[in-house]
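Below is a short note on the model, written point by point. Please read it with the structure open.

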Amino acid sequence: MPAQAKVEASTARPSAKPATPAREHGPAMSPPLTERQEARRRRILRATAQLAGRGGFDAVQMREVAESSQVALGTLYRYFPSKVHLLVATMQDQLERMHATLRKKPPAGESPAERVAETLMRAFRGLQREPHLADAMVRALTFADRSVSPEVEQVSRQTTAIILDAMGQDDPTPQQLSAVRVIEHTWHAALITWLSGRASIAQVKIDIETVCRLIDLTAPGES
């Protein structure tokens, strides 16, 4: 059985019917979360991050998450149909928190490329402080199939927002958005190579700084 199929088979509940709240699948599919539902969701994500931080991907078991967050197991499955859904949503939540921190202390580089490189390295070092959690989230993102597309899209949008904020760009051109996508792919690949021990922090920094030069190349007026 392929690795991805094993993960889905071991973590998804066959009888669960995904009834994920609006924050997971968008407002078109369900109404916004109530204050109580939002608090419950945050407890779930906090418990997931704590379990993953202690033991990585394998330490996150749906029953333990339910117990730690003080929700019924059935309720947990209504929010997140599988462990992969849960960990990808946790990554989005972590990026959202990171974005709030970066806004309080924005990067100081002179050019957009320098500011984005500084921002991504700060985000990378934040993940570096909790390698087990970082590994769990990146593994979940790698395992994600089409059923996890809404959560993966949220991660992508949050990463894009972080990069555009660092650029100081509210209305990017198609060429700039293309550069941002390439930067996101490189950052994700750098995380994987670092987590697998195939790249040092110094190498990651060089790769990030190199790919961020695309921002200057795609600036309006540049050929």
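Which exposed residues does the face of H10 turned away from its buried side carry? Pro174 and His185 are the exposed residues there. Exposed means over 50% relative accessible area, buried under 20%, and partly exposed in between, with a 1.4 Å probe and protein chains only.

1. Basis. This is a predicted model, in which local features need pLDDT of at least 70 and side-chain atom pairs count only at pLDDT 80 or more, while totals for chains, interfaces and linings use all residues. Residues are numbered from 1 along each chain as its sequence is written, and side-chain values use heavy atoms, with hydrogens and water left out.

2. Length of H10. Helices are DSSP runs (H or I, at least four residues), numbered from the N terminus. Helix H10 covers residues 174-195, and its 22 residues should span 32 Å at 1.5 Å a residue; the expected span is 1.5 Å times one less than the number of residues. The end C-alpha atoms are 32 Å apart, which agrees. Glycine 197 follows H10 and has a positive phi, near 80°.

3. Buried side of H10. The buried residues are Gln176, Ala179, Val180, Ile183, Glu184, Trp187, Ala190, Leu191 and Trp194. They lie on the same side of H10, because they cover an arc of only 145° around the axis, taken from the directions from the helix axis to the C-beta atoms. Their cover includes helices H6 (83-104), H7 (112-128), H8 (131-143), H9 (149-167) and H11 (201-217).

4. H9 against H10. The two axes come within 10 Å and cross at roughly 115°; axes are lines fitted to C-alpha atoms over the stretch in contact, with angles from 0 to 180 degrees between N-to-C directions. Ser156, Thr159, Thr160, Ile163, Leu164 and Met167 of H9 make the contact with Gln176, Val180, Ile183, Glu184 and Trp187 of H10. Contact means heavy atoms within 4.5 Å.

5. Core. A nonpolar core is a set of buried Ala, Val, Leu, Ile, Met, Phe, Trp, Tyr and Cys residues joined through side-chain atoms within 4.5 Å. The largest one has 60 residues, and Trp187 and Cys212 have the most contacts inside it. H6 gives the most to this core, with nine residues. Leaving out residues up to four places away in sequence, cysteine 212 touches Ala113, Val116, Ala117, Leu120 and Ile183.

6. Histidine 85. This residue is found in H6 and is buried, with a relative accessible area of 5%. Not counting residues up to four places away in sequence, histidine 85 touches Phe80, Ser147, Val148 and Glu151.

Methods. Helices (H or I, at least four residues) and strands (E, at least two) are DSSP runs, numbered from the N terminus.
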